[in-house]
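Welcome! Here is a short tour for anyone opening this model for the first time. Keep the picture at hand as you read.

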Amino acid sequence: DAAPDVLRFTHAYRAQGIPPTAEPSHQQQFPWVIGQLRTGRTVAIPSVERLPAEAAVDQANGRLGGIKSALAIPLSVGGEPPIGALGLNSMRAERNWPDALVKRLEVVAQIFANALARKRTEQVLRENEQRMTLAADAAHFGVWVWNIAHNQVWGSERWQGLFGFVTGKDVSFEAVMERIHPDDRATVEREVRDALANRSDYAGEFRAVLPDGTLRWIASRGRGYADANGTPI
């Protein structure tokens, strides 16, 4: 929730005897480093004293903060702009950053980036669910969201009633398919997966069979969403 030019620490570790870093800080304090990170480059600084001339502001603020050496790795997924950075500062002595160590830390940064991206995606999905539920209730529609990674289908109360599910509980995609008439099941599954593969909207009509034997026609519409790598989510 911070302003775009404000840098906040979400997680931090300090060695014993090292004072806490002042926060929040502003990107104007380290414009050269931030500029490098925004292009997706890892920034390895063996010595703050030997920074290039264009990094004079970063050098001055690094000295004020007592930083001797630093390493900053952008957190990015699928070539998207960074959503953060993994940073390491040496406060007691200058140090080199061997390529082998940097590469290992870049793997760690990628793990962090993927986790953050998933968290953001799940938050967006939850917000979309809330908006869709409000709109669907007003229009007397049932709304569903299939979380492919977790194989869970969330449905609004009206949608669950249409299929005879217990309200408030997520169900699997297979459970939904079992509620579809056996003669329509293969067609529906093929159409849904084709829509995902082709990144096209899904539209289908089929018969649903409820646990009490009630038969009803369902008209269903859907749209697939992909992550930064193009994988349907």
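This is a predicted model: local features need pLDDT of at least 70, side-chain atom pairs count only at pLDDT 80 or more; totals for chains, interfaces and linings use all residues.

Val108 counts as partly exposed because its relative accessibility is 33%; buried means under 20% relative accessible area, exposed over 50%, and partly exposed in between, with a 1.4 Å probe and protein chains only. Val108 belongs to helix 3, residues 99-139. Helices here are DSSP runs of H or I with at least four residues, and strands are runs of E with at least two, numbered from the N terminus.

Residues are numbered from 1 along each chain as its sequence is written, and side-chain values use heavy atoms, with hydrogens and water left out.

| Residue | Relative accessible area | Class |
|---|---|---|
| Val108 | 33% | partly exposed |
| Ser90 | 15% | buried |
| Gly224 | 40% | partly exposed |

Ser90 sits in strand 5, residues 84-90. Leaving aside residues up to four places away in sequence, Ser90 touches Gly66, Ile67, Lys68, Ser69 and Arg95, where contact means heavy atoms within 4.5 Å. Gly224 lies in the segment after strand 9 (215-222). In sequence Gly224 and Arg193 are 31 residues apart, and their C-alpha atoms are 9.7 Å apart in space.

Now to helix 6. Its 17 residues, 182-198, should span 24 Å at 1.5 Å a residue, and the end C-alpha atoms, 25 Å apart, agree with this. Which residues of helix 6 are buried? They are Asp184, Val188, Val192, Ala195 and Leu196. Seen down the axis of helix 6, these buried residues fall within an arc of 100°, so they line one face of the helix. The cover over them includes strand 6 (144-147), helix 5 (173-178) and strand 8 (202-209). On the face turned away from the buried side, helix 6 carries the exposed residues Asp183, Ala186, Ala197 and Asn198. Arg199 follows helix 6 with a positive phi, near 55°.

Helix 1 (residues 31-38) has Val33, Ile34 and Leu37 buried. Viewed down the axis of helix 1, its buried residues fall within an arc of 95°, so they line one face of the helix. Just after helix 1, Gly40 takes a positive phi of about 90°.

How values were computed:
The expected span of a helix is 1.5 Å times one less than its number of residues. The arc is that of the directions from the helix axis to the C-beta atoms.
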